[in-house]
Amino acid sequence: MAIPSATTTAMMVLLLVVPAVFAADYPITWSQGTSYDDWGSDKTLVAGDTITFTYGPTHSVNVVDKDAYDNCGSDSKKSYNDGSSKVPLVAGTMYFICPQGNHCAGGMKLSVKVGAAGTPTTPATPATPTPGTPAAKPTAPSGTNAATSSCNMNFLVIGGSLLLAPLFAFLG
């Protein structure tokens, strides 16, 4: 059996790495008066995906633990305040709040379940709304189809990689 050339080895590594660049991005408009309780209910988020929060100068995004989420606390793991923040997702449940004024208590908070990379999760169950908090029903965010199409692209790239790898090994 012949030892693969450096070019063949490089191509095989590239074919295995390329799917990682096709993570999905989920855009969300971060604003008061919007309920985020069921935002993730129709999405399958996995580690490596991102959520891009877009918001005005009176808002920010804090990544927090469950206690800070439940109590609208000020302890954050990471803070964003640039108006358009792309937050990478990690496996587990992630919690986001707007720490400005009473925004969190008014419903500006989001909880999402994130599966391990390559392991889809069941879409999140909507949280129970806080009694007495009026909130408008959110519209479907733009980019939802982009995430689905990105997932389909992963399958296409992985399938193509599996088909081309033996060819490169043979040519090497």
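## Basis of the description

Buried denotes a relative accessible area under 20%, exposed one over 50%, and partly exposed the range in between, with a 1.4 Å probe and protein chains only. Strands (E, at least two residues) are DSSP runs, numbered from the N terminus. The model is predicted: local features need pLDDT of at least 70 and side-chain atom pairs count only at pLDDT 80 or more, while totals for chains, interfaces and linings use all residues. Residues are numbered from 1 along each chain as its sequence is written, and side-chain values use heavy atoms, with hydrogens and water left out.

## The three-stranded sheet

Strand S3 (residues 50-54) is mostly covered, with four of its five residues buried. An open sheet of three strands runs in the order S1-S3-S6 and has mixed pairing; two strands pair if DSSP finds at least two bridges between them. S1 and S6 are the edge strands, each pairing on one side only. From one strand to the next, the twist averages 20°, where axes are lines fitted to C-alpha atoms and angles run from 0 to 180 degrees between N-to-C directions.

Strands of a sheet pair through backbone hydrogen bonds, either parallel or antiparallel. Strand S1 (residues 25-29) is parallel to S3, and five bridges join the two; the bridge partner of Thr29 in S3 is Thr54. S3 and S6 are antiparallel, again with five bridges. Across this second pairing, Phe53 has Ser85 as its bridge partner in S6, and Thr52 stands opposite Lys86.

## Ser85 in strand S6

Ser85 lies in strand S6 (residues 84-88). Ser85 counts as buried because its relative accessibility is 1%. Its side chain makes a polar contact with the side chain of Tyr55 at 2.6 Å. A polar contact is a pair of N or O atoms within 3.5 Å; within protein, one must be able to donate a hydrogen and the other to accept it, and residues adjacent in sequence count only if both atoms are side-chain atoms.

With neighbours within four places in sequence left aside, Ser85 is in contact (heavy atoms within 4.5 Å) with Ile51, Thr52, Phe53, Tyr55 and Tyr80.

## The five-stranded sheet

A further open sheet, of five strands, has the order S2-S8-S7-S4-S5 and mixed pairing. Its edge strands are S2 (45-46) and S5 (78-80), each of which pairs on one side only.

Strand S4 (residues 61-64) and strand S7 (residues 92-97) are antiparallel and share three bridges, and Val64 stands opposite Tyr95 in S7. S7 is also antiparallel to strand S8 (residues 109-115), through six bridges. Bridge partners in S8 are Val112 for Met94 and Lys113 for Thr93.

## Nonpolar cores

A nonpolar core is a set of buried Ala, Val, Leu, Ile, Met, Phe, Trp, Tyr and Cys residues joined through side-chain atoms within 4.5 Å. The largest comprises 22 residues, and those with the most contacts inside it are Trp30, Trp39, Ile51, Phe53, Phe96, Leu110 and Val112. S1, S3, S4, S7 and S8 each give two or more residues to this core, and S8 gives the most, with three.

Apart from neighbours within four places in sequence, Phe53 is in contact with Ile28, Trp30, Val61, Gly83, Ser84, Ser85, Val87, Phe96 and Leu110. A second, separate core of six residues includes Val64, Tyr69, Tyr95 and Cys104.
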